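Student: I have a structure open and have not looked at it before. Can you walk me through it?

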Amino acid sequence: MFGREFADGTLKDLLAVPVSRATILLAKFIVVVLWSLLLMVLLVLASLLLGAAIGLSQGTAEVFWHGTATLAVVACLVIVTVFPFAFFASVGRGYLLPMGVVLLVLVIGNVVAIAGWGPYFTWAVPALYTEPNGKGNLEAASYLLVLFTGLAGLTGTYLWWRFADQNR
């Protein structure tokens, strides 16, 4: 969503249209959110179909709704934690920098979670939320870190698009 126009060289065309950069960014972030939600729905449907195909027991309505609620919360947490990667795509003027940062975050997230500091590392919070016993010992600060990281990603991306020299 944020790297292709740099890689394809179409950013100058995108910025030449009579639409504000804030509107373009808002549209991009809305598409990211909607696409992510659609993928979550497809994941639920595929999981249910696969479970039925391999003959898993039907379970109870309580288990279904608890699992669905957990998945919805995790999906929202993940959506918010990907916002900073739009900033890295913009600064890196492509998609290689954000892919590298994602790999780095995954490695650090695993190490931090094993060390016991996962609740204080934004990208470990969604995975820790899925733990069945106590939601991974998450605190209110964990959710605030996710929120602030997402807001920082949105703000950083907007400021970069607003003030950076777009000469390509």
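Student: Let's start with helix 5 and helix 6. Which residues meet there?

Tutor: Phe85, Phe88 and Ala89 in helix 5 touch Leu97, Pro98, Val101, Val102 and Val105 in helix 6. Contact means heavy atoms within 4.5 Å. Helices (H or I, at least four residues) and strands (E, at least two) are DSSP runs, numbered from the N terminus.

Student: Before we go on, where does the model come from, and how is it numbered?

Tutor: This is a predicted model, where local features need pLDDT of at least 70 and side-chain atom pairs count only at pLDDT 80 or more, while totals for chains, interfaces and linings use all residues. Residues are numbered from 1 along each chain as its sequence is written, and side-chain values use heavy atoms, with hydrogens and water left out.

Student: Back to the pair. At what angle do helix 5 and helix 6 cross?

Tutor: The axes of helix 5 (residues 83–91) and helix 6 (residues 96–115) cross at roughly 140° and come within 8 Å. Axes are lines fitted to C-alpha atoms, for helices over the stretch in contact, and angles run from 0 to 180 degrees between N-to-C directions. Helix 5 and helix 6 are therefore oblique to each other. Angles under 35 degrees count as roughly parallel, over 145 as roughly antiparallel, 65 to 115 as roughly perpendicular and the rest as oblique.

Student: What is in the loop between helix 5 and helix 6?

Tutor: Arg93 lies in that loop. Arg93 has a positive phi of about 50°, although it is not a glycine. Most residues other than glycine have a negative phi.

Student: You listed Val105. Is it buried or exposed?

Tutor: Val105, in helix 6, counts as buried, at 12% relative accessibility. Buried means under 20% relative accessible area, exposed over 50%, partly exposed in between (1.4 Å probe, protein chains only).

Student: What is Val105 in contact with, neighbours in sequence aside?

Tutor: Leaving aside neighbours within four places in sequence, Val105 is in contact with Phe85, Phe121 and Trp123.

Student: Zooming out, how many helices and strands are there?

Tutor: The protein chain has 8 helices and 0 strands. Its C-alpha trace spans about 60 × 35 × 25 Å along the principal axes. Of the 168 residues, 32% are buried. Among contacts with a separation of 6 or more, 70% are between residues 24 or more positions apart.

Student: Another pair, then. Which residues of helix 4 and helix 8 meet?

Tutor: Leu77, Val80 and Thr81 in helix 4 meet Tyr143, Val146, Leu147 and Gly150 in helix 8. That contact has 5 nonpolar, 2 polar and no charged residues. The two axes come within 8 Å and cross at roughly 40°, and helix 4 and helix 8 are therefore oblique to each other.

Student: What volume does the largest pocket have?

Tutor: About 500 Å³. On a 1 Å grid over the protein atoms alone, a cavity is a set of points where a 1.4 Å probe fits but cannot get out, and a pocket is an open set with protein on both sides within 12 Å along at least five of seven lines; lining residues have an atom within 4 Å of a point. Grid points are joined across faces, edges and corners, and a volume is the space filled by probe spheres set on the points.

Student: Which lining residues are closest to the centre of the largest pocket?

Tutor: Ser47, Leu48, Gln58, Val63 and Phe64 are the closest of the 16 residues that line the largest pocket. Helix 3 gives the largest share of the lining, 6 residues. By class, the lining has 8 nonpolar, 8 polar and no charged residues.

Student: Last one: Lys28. Buried or exposed?

Tutor: Lys28, in helix 3, is buried, with a relative accessible area of 10%. Its contacts beyond four places in sequence are Met1, Phe2, Glu5, Leu14 and Trp161.

Conventions: Ala, Val, Leu, Ile, Met, Phe, Trp, Tyr, Cys and Pro count as nonpolar, Asp, Glu, Lys and Arg as charged, and the others, Gly among them, as polar.
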